[in-house]
Amino acid sequence: MIVVEHLSGGYDGVPIVKDISFSVEKGKILGILGPNGSGKSTLLKVISGILPATAGTIKVDGKNISSYNARALAKKMAVLPQLHANAFSNSVREAVSLGRYPHQSGFFSSWSDFDEQAVQHAMAQTGVTRYEQAPMEFLSGGEQQRVFVAQALAQTAEILLLDEPTNHLDIAHQRQILDMVRKEAIECGLTVIMVLHDMNLASLYCDELLLMESGQMRAFGVPHEVLMASQIEEVYQARVATYAHPEIPKPQITMMPASGEHLQRAYINKDNFKVTEHFIQLQSEFPLKTVSSAVHNPGIGWYDCLLNRSVPGDYVINDVKREVAAFLQKESFSSTSTVVMLTAVPTRLVAINEYAASFGSLLVAVTAGVGNAVDVSRVHERQIEPYIGTINTWVIINGSLSEEAFFQAMMTANEAKTKALQSEDIRDELSGTIATGTATDSLLIAATQKGDEMLYGGPITEVGKIIGKGVFATTVQAIKNYKNG
Ligand SMILES: Nc1ncnc2c1ncn2[C@@H]1O[C@H](COP(=O)(O)OP(=O)(O)OP(=O)(O)O)[C@@H](O)[C@H]1O
């Protein structure tokens with residue numbers, strides 16, 4: 001464990017880092033973040049003893065580091081500096097072996113099996129074994145960087161200080177080095193303090209983060225506490241937004257460009273719809289922010305082409321996603337910018353309506369295959385799987401929704417759909433009760449994201465009122481179309 005208390009230090013009497021206090025437990029990784037010149041490297045230099053502290057203490061395992069001599073400290077703490085001396089004619093193996101220097105009594109005279117193992121392990125972990133015999137100057141910047149990380153690792157110290165360890169590395173090697181650091185922390189109890197510029201990598205790999213601003217600690221804590229958009233915006237003077245990582249419960253940050261290009265948006269009207277025998281298509285000039293339960297490209301994303309594709313009633317495919325991907329390729333649709341739903345309803349039975357609104361306007365498109373509708377509260381009584389029937393609902397909004405509003409809009413639209421089934425007396429054949437939908441309904445809300453952001457999308461909001469009215473009326477019309485065939 002390392003404990004830093006009220007630490008200050010700088011260059012030639014000029015204080016750079018001021019009054020820094022934090023601790024890192026054994027086996028944990030601390031990431032140091034901050035804008036250029038905020039003092040990250042200086043802090044690491046003061047902690048490692050490269051620069052003298054002008055105030056404060058650093059304790060390793062309860063003992064002040066000033067009580068260690070240089071060799072004893074090097075056994076406790078290994079350092080990867082930001083800039084490396086490039087004037088070397090060593091081989092990779094020799095460079096990594098330098099990490100064992102603090103463990104030698106006479107230089108290389110007492111090379112032990114343990115020294116050899118440490119060097120081999122460090123080279124293997126950083127993926128540089130295959131360059132072992134190569135001279136350092138023959139290596140690329142990224143390969144050299146991995147050798148320096150190997151050198152620090154070979155020191156087998158309890159604490160590893162890394163200044164931008166992913167410098168020069170491509171994403172595969174960034175992942176390799178950081179995975180390795182994390183593995184060493186978890187499996188061997190290595191304590192790590194590293195300066196990283198990439199906030200997203202820091203969030204993924206560090207247990208805690210320290211955010212520096214003008215030589216002082218602006219924030220310290222777990223990634224969720226430090227990577228708050230408002231705080232990052234203030235410290236970096238850049239507009240950012242946070243979002244959730246798709247697999248790991250850690251926040252991610254993305255930049256919001258200053259240019260006005262992204263404000264140029266589409267305006268959708270009925271002319272953007274095209275109905276062929278095989279599909280209903282909405283093609284937009286600019287991508288729409290879309291939330292859906294579609295078959296292809298579901299979830300949240302930006303898409304400029306929406307398809308409701310009509311398939312035969314006996315369409316039974318094991319791998320629907322692959323079949324849809326093949327269809328898109330055959331019909332020359334972009335797989336990455338198209339959202340696809342499937343329906344057994346003939347496309348001519350679609351109902352499409354446009355509604356004026358104070359914020360812009362709203363379009364609703366519905367295909368309603370209600371032949372096998374179910375009452376969701378009674379489906380558990382069924383012994384047999386219901387046949388597929390599908391109500392596909394699109395709500396296209398010429399306006400801007402918050403994330404919350406998108407999900408509320410989905411709820412509002414779904415309630416309006418259910419009300420339409422009630423109004424049209426669509427029943428679950430088995431229970432005889434009013435149906436609430438079918439087994440495979442799909443819903444999509446898409447917005448141009450132009451204009452003032454609407455925070456909410458519930459039934460009594462401006463947008464919610466029109467969704468309620470529009471989805472109800474359009475679904476009723478689509479059900480009538482279906483009944484009249
Ligand atoms: N050798 C030095 N002598 C005097 N001042 C220095 C020296 N090295 C850095 N500084 C100054 O200390 C301040 C902090 O620099 P430092 O390198 O610690 O910042 P950093 O946060 O690591 O920046 P970066 O993100 O650019 O690497 C800067 O204003 C810098 O000019």
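**A walk from an open strand to a helix pair**

Start by selecting strand β11, residues 240–244: of its five residues the number buried is zero, so β11 lies largely in the open. (Buried here means that 20 or more other C-beta atoms, placed from the backbone, lie within 10 Å of the residue's own; strands are DSSP runs of E with at least two residues, helices are runs of H or I with at least four, and both are numbered from the N terminus.)

Before moving on, please note that this is a predicted model, in which local features need pLDDT of at least 70, side-chain atom pairs count only at pLDDT 80 or more, and totals for chains, interfaces and linings use all residues. Residues are numbered from 1 along each chain as its sequence is written.

Pick out A244 and you will find its bridge partner, P251, in β12.

Next, show the open sheet of four strands, ordered β2-β1-β4-β5 with antiparallel pairing. β2 (14–24) and β5 (63–64) are at its edges with a single partner strand each, so one side of each has no neighbour in the sheet. Zoom in on β4 (residues 53–60), joined to β5 by two bridges; here V60 is opposite K63.

Last stop: select helices α4 (residues 113–126) and α5 (residues 141–154), whose axes, lines fitted to C-alpha atoms over the stretch in contact, are 8 Å apart. They pack at an angle of about 145°, on a scale from 0 to 180 degrees between N-to-C directions.

Conventions
Two strands pair if DSSP finds at least two bridges between them. A residue is buried if 20 or more other C-beta atoms lie within 10 Å of its own, exposed if 12 or fewer, and partly exposed in between; C-beta atoms are placed from the backbone.
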